[in-house]
Amino acid sequence: MTTATTPLGVGTWAIDTAHSTVEFSVRHLMVSKVRGKFENFSGAITVDADGTPSVTAEIDVTSLNTGNEQRDGHVKSADFFDAENHPVATFASTSVRQNGASYLLDGNLTIKGNTRPVTLGLEFNGVSPGMGAGEVSGYEASVVINRKDFGVDLDLPMETGGAVVGDKVTITLDIEAVKQA
């Protein structure tokens, strides 16, 4: 396992959900994108004494919001996420690698009970002393996954060819984390 050491201080940095977002986009009708976000999620970055970071996160799939209640209900249904039986998606890192001025975050993503390795492109935005609640660190990360790899495999073909919903889903994270005492 190749692991980069982090410029973060040793300890646990909890995701500040009030200042973070977990969003996604997927091609719709082959010509546009539907975007959405997950309202509820949690996670942490843990930095070991040797400087090795690890990341864990949980996403409440039932908190999905695309701005359209009917679509949200369908995406949460057994046709897509099956949120009733699989209400949480998880991520656990396996390594962090330097990639020029940025990083690659390798880990295992579990959606709908299916776990697959993924690599996120990760930008570290630095550390701030914060505003009285402790040091704050910032990150931007993204990954493109194939939804079918995770059991989100409903096909909705169009009469003219193509599909109503694309296979590739872009997940984008803007994360602010607060160092815990």
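Visitor: Among contacts in the protein between residues at least 6 apart in sequence, what share joins residues at least 24 apart?
Guide: The share is 58%. This is a predicted model, and the values below are computed from it.

Visitor: How much of the protein is buried?
Guide: Of the 181 residues, 38% are buried. The accessible surface is about 9,700 Å², and carbon and sulfur atoms account for 51% of that surface.

Visitor: Which residues touch the most other members of the largest nonpolar core?
Guide: They are Ile-45, Phe-81, Leu-109, Ile-111, Val-118, Leu-120 and Ile-145, in a core of 40 residues. Strand β11, residues 165-179, gives the most to this core, with five residues. In soluble globular proteins, nonpolar side chains tend to be buried together.

Visitor: What does Val-118 touch, not counting residues up to four places away in sequence?
Guide: Val-118 touches Phe-91, Leu-105, Asp-106, Gly-107, Leu-109, Val-143, Ile-145 and Phe-150.

Visitor: How many aromatic pairs does a search of the whole structure find?
Guide: The search finds three. One of them joins Phe-24 and Phe-38, with 5.5 Å between the ring centres and 45° between the planes.

Visitor: Why is the arrangement of Phe-24 and Phe-38 called an aromatic pair, and what kind is it?
Guide: Ring centres must lie within 6.5 Å, and here the distance is 5.5 Å. Planes under 30 degrees apart would count as stacked and over 60 as edge-to-face. The angle here is 45°, and the pair is tilted.

Visitor: How do you know what kind of pair the rings of Phe-124 and Tyr-139 form?
Guide: Their centres are 5.6 Å apart and their planes stand at 45°, so the pair is tilted. This pair too links distant parts of the chain: Phe-124 is in strand β9 (residues 114-128), Tyr-139 is in strand β10 (residues 136-146), and they are 15 residues apart.

Visitor: Is Phe-124 buried, partly exposed or exposed, and how do you know?
Guide: Buried means under 20% and exposed means over 50%. Phe-124 has a relative accessible area of 24%, so Phe-124 is partly exposed. Tyr-139 has 10%, so Tyr-139 is buried.

Visitor: How many salt bridges does a search of the whole structure find?
Guide: It finds one. The partners are Arg-97 and Asp-106.

Visitor: What makes the contact of Arg-97 with Asp-106 a salt bridge?
Guide: A side-chain nitrogen of Lys or Arg has to be within 4 Å of a carboxyl oxygen of Asp or Glu. The closest N and O atoms here are 2.6 Å apart, and Arg-97 and Asp-106 form a salt bridge. Arg-97 has 27% relative accessibility, so Arg-97 counts as partly exposed. Asp-106 has 11%, so Asp-106 is buried.

Visitor: Why is Ser-25 called buried?
Guide: The limit for buried is under 20%. Ser-25 has a relative accessible area of 7%, so Ser-25 is buried. Ser-25 lies in strand β2. Leaving out residues up to four places away in sequence, Ser-25 touches Lys-33, Val-34, Arg-35, Lys-168, Val-169 and Thr-170.

Visitor: Why is Ala-14 called partly exposed?
Guide: Ala-14 has a relative accessible area of 22%, so Ala-14 falls between the limits of 20% and 50%. Ala-14 is in strand β1, residues 11-15. From Ala-14 to Ser-42 the distance is 28 residues in sequence and 7.9 Å in space, C-alpha to C-alpha. Beyond the neighbours within four places, the contacts of Ala-14 include Gly-43, Ala-44 and Glu-176.

Visitor: Why does Val-127 count as partly exposed?
Guide: Val-127 has 38% relative accessibility, so Val-127 also falls between 20% and 50%. Val-127 is found in strand β9. Val-127 and Ser-137 are ten residues apart in sequence, with their C-alpha atoms 4.3 Å apart. With neighbours within four places left aside, Val-127 is in contact with Leu-8, Trp-13, Glu-135, Val-136 and Ser-137.

Terms used:
Residues are numbered from 1 along each chain as its sequence is written. This is a predicted model: local features need pLDDT of at least 70, side-chain atom pairs count only at pLDDT 80 or more; totals for chains, interfaces and linings use all residues. Side-chain values use heavy atoms; hydrogens and water are left out. Rings of Phe, Tyr and Trp (its six-membered ring) pair if their centres lie within 6.5 Å; planes under 30 degrees apart count as stacked, over 60 as edge-to-face and the rest as tilted. Helices (H or I, at least four residues) and strands (E, at least two) are DSSP runs, numbered from the N terminus. Buried means under 20% relative accessible area, exposed over 50%, partly exposed in between (1.4 Å probe, protein chains only). Contact means heavy atoms within 4.5 Å. Accessible areas come from the Shrake-Rupley method with a 1.4 Å probe; for residues, only the protein chains shown count as cover. A nonpolar core is a set of buried Ala, Val, Leu, Ile, Met, Phe, Trp, Tyr and Cys residues joined through side-chain atoms within 4.5 Å.
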